[in-house]
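Welcome! Take a moment to look over the sequence and the model, then read on for a short tour of the fold, the ring contacts and the helix packing.

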Amino acid sequence: MDKKLLLNDSLQFLGLSTGFTEAELRDSYHKLAKKYHPDTGEFTSEVMFLELNKHYEALKEFLLIYHEDDFEDNLQEVGGEGIGFSNPKSEHPTENKPSKDPIFQEYKLAKEKETEAILRYYEKRNLHPIELSSSLNQELVQLQKELEPVLLVYATITREHPKSLWARDARDSLERLRVWWPKG
């Protein structure tokens, strides 16, 4: 689908104007999610809820690439290429543009460090069973050290930016990473 058309459809579906903010996107999504959710909303079919999610994700991705402050300027740049997909003919594909959202940059860097640390752990363990006793598993001690700064970033995002698009993912990541610290 043409990116600009998808963007315009998404704006219309969520009832937003071109200068929307992250907060307006989130509020509109929650309002419509209540209306369209097949279990609790006005509709029993999930079609409208799935459509809502498609449009929400498209606009969320657009905010990652283009910060809300320069939305109007970047709407022109999207042109017929759309959000989040590269144009092989374009000299500057949109998928390679860094996000101007500083919270996303922190989140993305932490996610990359998390992934690299866990991959290194498994490489060192040669895919042996996980041993969560630090006295028996020195690789676990190293992994915990590497994950500590990542946990701090996730905790900072959830504490200082609770309404950010990335707060929920950061909370989920914190919960998921608890597995590496045995209860004791």
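## Overall fold

Helices here are DSSP runs of H or I with at least four residues, strands are E runs of at least two, and both are numbered from the N terminus. With that in hand, the protein chain reads α-α-α-α-α-α-α along the sequence. It has seven helices and zero strands. Please keep in mind that this is a predicted model.

How much of the protein chain counts as buried? Of its 184 residues, the share is 38%. As for contacts between residues at least 6 apart in sequence, 60% of them join residues at least 24 apart.

## Aromatic pairs

The structure contains five aromatic pairs. One of them brings together tyrosine 107 and tyrosine 154, with 5.9 Å from centre to centre and 45 degrees between the planes, a tilted arrangement. This pair links distant parts of the chain, since tyrosine 107 sits in helix H5 (residues 102-125) and tyrosine 154 in helix H6 (residues 138-160), 47 residues apart. Are these two tyrosines, tyrosine 107 and tyrosine 154, buried or exposed? Both are buried.

Tyrosine 107 also pairs with tryptophan 166: the ring centres are 5.1 Å apart and the planes lie at 25 degrees, so this pair is stacked. The cut-off behind that label is an angle under 30 degrees between the planes. Here too distant parts of the chain are linked, with tryptophan 166 in the loop between H6 and helix H7 (167-177), 59 residues from tyrosine 107. Tryptophan 166 is buried, as is tyrosine 107. Put together, Tyr107, Tyr154 and Trp166 form one aromatic cluster.

## How H5 packs

Two packed helices are described by the angle between their axes and the distance between the axes. For H5 and H7, the angle is about 20 degrees and the axes are 12 Å apart. That angle makes H5 roughly parallel to H7, the cut-off being under 35 degrees. The crossing of H5 with H7 is left-handed. On the H5 side the contact is made by Tyr107, Lys111, Glu114 and Ile118, and on the H7 side by Asp169, Ala170, Ser173, Arg176 and Leu177. Sorted by class, the contact of H5 with H7 has four nonpolar, one polar and four charged residues.

The residues of the contact of H5 with H6 divide into 13 nonpolar, one polar and nine charged.

## Two lysines

Lysine 60 is located in helix H3 (residues 47-65). Its relative accessibility is 16%, so lysine 60 counts as buried, given a limit of under 20%. Leaving aside residues up to four places away in sequence, lysine 60 touches Leu25 and Leu165.

Lysine 35 belongs to helix H2 (residues 22-36). At 32% relative accessibility, lysine 35 counts as partly exposed. How far apart are lysine 35 and phenylalanine 49 in space, C-alpha to C-alpha? The distance is 8.6 Å, while in sequence lysine 35 and phenylalanine 49 are 14 residues apart.

Methods:
Residues are numbered from 1 along each chain as its sequence is written. This is a predicted model: local features need pLDDT of at least 70, side-chain atom pairs count only at pLDDT 80 or more; totals for chains, interfaces and linings use all residues. Side-chain values use heavy atoms; hydrogens and water are left out. Rings of Phe, Tyr and Trp (its six-membered ring) pair if their centres lie within 6.5 Å; planes under 30 degrees apart count as stacked, over 60 as edge-to-face and the rest as tilted. Buried means under 20% relative accessible area, exposed over 50%, partly exposed in between (1.4 Å probe, protein chains only). Axes are lines fitted to C-alpha atoms, for helices over the stretch in contact, and angles run from 0 to 180 degrees between N-to-C directions. Angles under 35 degrees count as roughly parallel, over 145 as roughly antiparallel, 65 to 115 as roughly perpendicular and the rest as oblique. A crossing is left-handed if the near helix is turned anticlockwise from the far one by less than a right angle, and right-handed if clockwise. Contact means heavy atoms within 4.5 Å. Ala, Val, Leu, Ile, Met, Phe, Trp, Tyr, Cys and Pro count as nonpolar, Asp, Glu, Lys and Arg as charged, and the others, Gly among them, as polar.
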